[in-house]
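Work through the exercises below with the sequence and the model at hand. Each task is followed by a solution in steps.

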Amino acid sequence: MLFELLRRCAERVPEQPAIIDGDEVETYARLIARSEAIARGLLARDLSRFGCALSAPGAIVALAAASAGVGAEVCLYPTDLDDDQVSSFAMTFGHPTVVVHRTRRLVSIETLTLDQLMLTGDMAFPSPERTPVMILTTGTTGAPKGARHDWSRLARAVRAPDERPATRWLLAYNLNQFAGVQILLHVLASAGTLVAPPSRRADDVLGAIERHRVTHVSGTPTFWRLIVGRLDEESARKLPLEQITLGGEAAPEGLIERLHALFPAARISHVYAGTEFGSVVAVSDGRSGLPVSVLDRGEEADVQLRIVDGELQIRSRVGMLGYHQASESEHDWRSTGDLVEVRDGRIQFVGRTTEIINVGGVKVHPLPVEELVCSVTGVQLAAVYGRPNPITGQIVSIDVVLKPGTDLKDAEARIREACQALPAAARPRRIRFVPELEIRGNKLMRQEAG
Amino acid sequence: MPDAKQTVDAESVIRDAIHALLERRGAAHLTVRPDSRITAELEFDSLELAELSQILEDELGRDPYSEGIIPDTVAELVGFYRG
């Protein structure tokens with residue numbers, strides 16, 4: 001499926017850049033040629049399951065498409081692993097072979113470079129019945145899990161937003177992340193161009209958007225907060241953004257409004273998706289949360305939603321087939337770990353089940369507190385978490401990153417005043433100002449509520 | 001021998017913390033004396049006590065509440081750091 005998408009792009013727009021990675025430009029013609037050579041190598045070596053420890057987006061896409069072309073299951077590893085970690089991933093997920101871009105010392109695991117894999121010549125490709133791919137969870141808690149997907153199911157959830165081939169998409173995630181895979185599918189479905197920024201830092205991202213005339217950017221709310229912090233109306237006008245997408249975390253209304261103000265011509269959407277259940281819903285009405293109407297999707301819908309005990313559950317036909325080594329799951333309801341409340345016809349996210357803070361028996365959700373604090377003048381980012389306390393079990397604690405030049409004392413007073421609007425138990429009892437917050441996979445890490 | 005400087009520091013940290021919490025509640029008019037009773041007179045609720053214990057732990061490295069001691073008066077609280 002991925003292979004067919006790539007081939008179709010190569011037929012339609014062979015000389016158009018498929019991937020721009022720094023100064024390297026890979027056209028669709030070159031990418032499909034590379035991918036076909038890799039596919040021949042996979043067939044010749046009879047590789048059916050393997051790990052991918054490549055880091056360049058062009059190489060990863062070529063390998064992923066080739067695997068899909070021959071029905072082999074590729075598993076994209078995170079790009080920043082050391083040799084021990086690569087070995088451990090290969091052991092965990094049972095990969096006898098790992099494709100690498102540099103010399104790796106791995107114990108009893110075969111390594112292959114793309115150059116070693118590529119074969120020229122004529123070879124008929126079978127049309128594989130299944131096009132499996134293993135996508136790892138981000139592992140914000142514990143070790144990553146391998147979710148077994150199929151490219152055809154994944155692609156079904158992606159509808160080409162427009163048929164105009166000149167769209168340019170920023171790769172603000174790694175390709176091994178589910179969200180990165182989604183972006184790749186969108187690029188290929190619309191014959192667009194994928195632009196990889198030199199790093200995820202706001203300045204590098206903004207530089208890449210301006211230099212390569214990026215039109216579509218999808219990132220987490222944390223990512224967007226950092227971007228918005230660097231922009232004013234004037235500098236935003238230089239950026240040709242047409243589509244702004246937020247995903248991976250709850251999208252707060254204040255942030256959506258700010259993006260609308262900075263990019264009045266852009267369409268702004270937030271998506272709800274997950275490695276396990278796939279792409280669920282996209283909302284573009286400028287409001288936070290999901291419309292309650294998503295609860296009324298019928299049995300025939302690819303993805304159904306329901307709320308049980310305040311937690312969102314999903315039943316998906318485009319989600320994973322099952323975890324690694326777990327049997328194929330039935331078309332069953334699955335808990336998301338996302339806690340929600342229905343207010344004014346909207347399903348609002350309030351936090352994760354693992355992030356509930358219990359303050360003397362009162363359950364406090366971190367997201368509304370974070371959202372409130374982030375709306376305070378001078379605040380750039382905030383992370384709310386529970387801290388053990390001898391009197392109440394836990395108290396609400398908050399780490400805050402201020403915008404440059406903000407006075408600490410004034411900011412604290414403003415935060416405390418704003419938090420008076422919260423129930424007493426939800427008010428942060430400990431405010432720490434920190435230079436930065438831990439961000440993993442573009443998502444804000446909250447300390448585990450212990 | 002308890003460190004004299006640490007005791008003085010503890011006393012001022014405790015006084016500042018109590019004053020800050022009273023002020024936030026709009027009760028800055030209450031006089032805080034060594035024999036003021038923390039819950040009975042200064043009317044600290046559990047959330048304020050939780051915050052007080054948090055401040056003491058952050059600023060002084062330990063706090064009586066975590067060790068199962070609930071001081072009744074301000075002087076008893078200061079005394080914990082003399083002990």
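**Exercise 1: a charged pair between the chains**

In this predicted model, E51(B) and R416(A) form a salt bridge, with 3.9 Å between their closest N and O atoms.

Task: Check this pair against the cut-off, then state how many salt bridges the rule finds across the interface of chain B and chain A.

Solution. 
1. A salt bridge requires a side-chain nitrogen of Lys or Arg within 4 Å of a carboxyl oxygen of Asp or Glu.
2. The closest N and O atoms of E51(B) and R416(A) are 3.9 Å apart, and the pair is a salt bridge.
3. Across the interface of chain B and chain A, the rule finds five salt bridges.
4. The rule also finds six residue pairs in polar contact across this interface, both residues being at pLDDT 80 or more.
5. Helix 2 of chain B (residues 46-60) gives nine residues, the largest share of the side of chain B that touches chain A.

**Exercise 2: the area between the chains**

Task: Describe the contact of chain B with chain A by residues and by buried area.

Solution. 
1. In chain B, 13 residues are in contact with 13 residues of chain A.
2. About 1,200 Å² is buried between the two chains, and carbon and sulfur atoms give 56% of this area.
3. Of the area that chain B buries against chain A, 47% is supplied by R24(B), L47(B) and Q54(B), more than by any other three residues.

**Exercise 3: the fold of chain B**

Task: State which elements chain B holds and what part of its residues is buried.

Solution. 
1. Chain B has three helices and zero strands, in the order α-α-α from the N terminus.
2. The chain has 83 residues, and 40% of them count as buried.
3. The accessible surface of chain B is about 4,500 Å², with 51% belonging to carbon and sulfur atoms.

Terms used
Residues numbered from 1 in each chain as written. Chains lettered and ligands numbered in written order. Predicted model: local features only at pLDDT ≥ 70, side-chain atom pairs only at ≥ 80, totals over all residues. Heavy atoms only, no water. Helix = DSSP H or I, 4+ residues; strand = E, 2+ residues; numbered from the N terminus. Buried < 20%, exposed > 50% of the residue type's maximum accessible area, 1.4 Å probe, protein only. Areas by Shrake-Rupley, 256 points an atom, 1.4 Å probe, with all protein chains shown as cover. Contact = heavy atoms within 4.5 Å. Buried area = accessible area lost by both parts, 1.4 Å probe. Polar contact = N/O pair within 3.5 Å; in protein donor to acceptor, adjacent residues only side chain to side chain.
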